[in-house]
Amino acid sequence: MIELLELQKLDLRIAALKENEREMPKQKDKYAIRRKRLEEEIKNSEERCKRLLLEQRECNGDIEARQAQIAKYDEQLYTVKKNEEYKALLHEMDLLKKQIAVKEERVITLMIEHDEAKAAFEADKERIEGEMRVLDEECAKIDEELQELKAERKALVKSRPPVAEKVEKPLLAKYERIRKVRTPAVVPMKEEVCGGCFMAVRPQIVNEIIANDKTHTCQHCGRLLYHPGNIGDAAASAAIEST
Ligand SMILES: [Zn+2]
């Protein structure tokens, strides 16, 4: 029984490592999602700057076009004969000048907005890059831990056959069968109750388990039962710790 408990302890440790290996990449996935959000945030911040610059450029282009039109009208002023045409041209020029003034005001607003957006972008960038560095470090840590877990598990798996060999063949076969459906497969009987399902063990069987001349499984959950008093103190505490 002690040999089997040793084996179970090993198997439980291997299972725990496997579980960690399964769970840890999920944390990395969470970090990846967070990273993507940060990337989007910085992109939005940058795009706002670009949009404001683009509108500024468009406004300046509009202003230049209107100035060119004014210059053209200005030359035409010398060639028109009729007073009405002259007046009409002046009116057009006046209109264009007013439009230019509006656009110029817009350019000033855009410049201020762009300065603010740029400052915000720089601040965002610094903050986000800092957060990303932390995420990268966390991911690297996870990778490192995963490597360690894998190495530990492989070593344990390698060390398993000699431990299993010490267990009597029929008991080992039973254990292998049970552990496919119940973990842990071997449990202590405490106060005449199965340590796995906490159901009462039949008195006759309790006596046989205590007498330690036969191995028994719990009639309710099918786990192998043992009496902690039948194994050494160290083995008992190790077994309890692993259940
Ligand atoms: Zn049971």
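A salt bridge here is a side-chain nitrogen of Lys or Arg within 4 Å of a carboxyl oxygen of Asp or Glu. By that rule, the count between domain 1 and domain 2 is 2 salt bridges.

## Model and numbering

This is a predicted model: local features need pLDDT of at least 70, side-chain atom pairs count only at pLDDT 80 or more, and totals for chains, interfaces and linings use all residues. Residues are numbered from 1 along each chain as its sequence is written, and side-chain values use heavy atoms, with hydrogens and water left out.

## Two domains

The protein chain is assigned domain 1 (2-160) and domain 2 (169-242). These bounds come from an automatic or database domain assignment. The centres of domain 1 and domain 2, taken over C-alpha atoms, are 61 Å apart.

## The domain interface

Contact means heavy atoms within 4.5 Å. On that basis, 9 residues of domain 1 are in contact with 17 residues of domain 2. The size of an interface is often given as the accessible area lost when the parts come together. Buried area is that loss for two parts, computed with a 1.4 Å probe and summed over both. Between domain 1 and domain 2 it is about 1100 Å². Carbon and sulfur atoms give 71% of this area. Leu-4, Leu-5 and Gln-8 supply 49% of the area that domain 1 buries against domain 2, more than any other three residues.

Which side chains meet Arg-179 in a salt bridge? The side chain of Asp-11 does, at 3.5 Å from N to O. Polar contacts were also counted across the interface. Such a contact is a pair of N or O atoms within 3.5 Å; within protein, one must be able to donate a hydrogen and the other to accept it, and residues adjacent in sequence count only if both atoms are side-chain atoms. The rule finds 4 residue pairs in polar contact across the interface of domain 1 and domain 2, both residues at pLDDT 80 or more. Helix α1 (residues 2-76) gives the most to the side of domain 1 that touches domain 2, with 8 residues. Helices (H or I, at least four residues) and strands (E, at least two) are DSSP runs, numbered from the N terminus. By class, that side of domain 1 has 5 nonpolar, 1 polar and 3 charged residues. Ala, Val, Leu, Ile, Met, Phe, Trp, Tyr, Cys and Pro count as nonpolar, Asp, Glu, Lys and Arg as charged, and the others, Gly among them, as polar.

A search of the whole structure finds 19 salt bridges. One of them joins Lys-28 and Asp-143, with the closest N and O atoms 2.7 Å apart. Lys-28 lies in helix α1 and Asp-143 in helix α2 (residues 83-165), so the pair ties together parts that are 115 residues apart in sequence. For accessibility, buried means under 20% relative accessible area, exposed over 50%, and partly exposed in between (1.4 Å probe, protein chains only). Lys-28 is partly exposed at 27%, and Asp-143 is partly exposed at 33%.

Asp-136 and Arg-35 also meet through their side chains, at 3.0 Å from N to O. Asp-136 has 36% relative accessibility and counts as partly exposed. Arg-35 is partly exposed too, at 25%.

## A network and a buried glutamine

Arg-127 forms a salt bridge with Glu-131, the closest N and O atoms being 3.3 Å apart. The two are 4 residues apart in helix α2, so about one helical turn separates them. Arg-127 is partly exposed at 36%, and Glu-131 is partly exposed at 25%. Both belong to a network of salt bridges that links Arg-34, Glu-41, Asp-124, Arg-127 and Glu-131.

Is Gln-56 buried or exposed? Gln-56 is buried, with a relative accessible area of 12%. This residue lies in helix α1. Leaving aside neighbours within four places in sequence, Gln-56 is in contact with Val-107, Leu-110, Met-111 and His-114.

## Backbone features in the loops

A cis peptide bond joins Thr-183 and Pro-184, with omega about -10°. Pro-184 is found in the loop between α3 (169-179) and β1 (186-190).

Glu-192 has a positive phi near 65° and is not a glycine. Glu-192 sits in the loop between β1 and β2 (193-194) and is partly exposed, at 47% relative accessible area. Phe-198 has a positive phi of about 60°, although it is not a glycine. Its place is in the loop between β2 and α4 (203-211). Phe-198 counts as exposed, at 60% relative accessibility.
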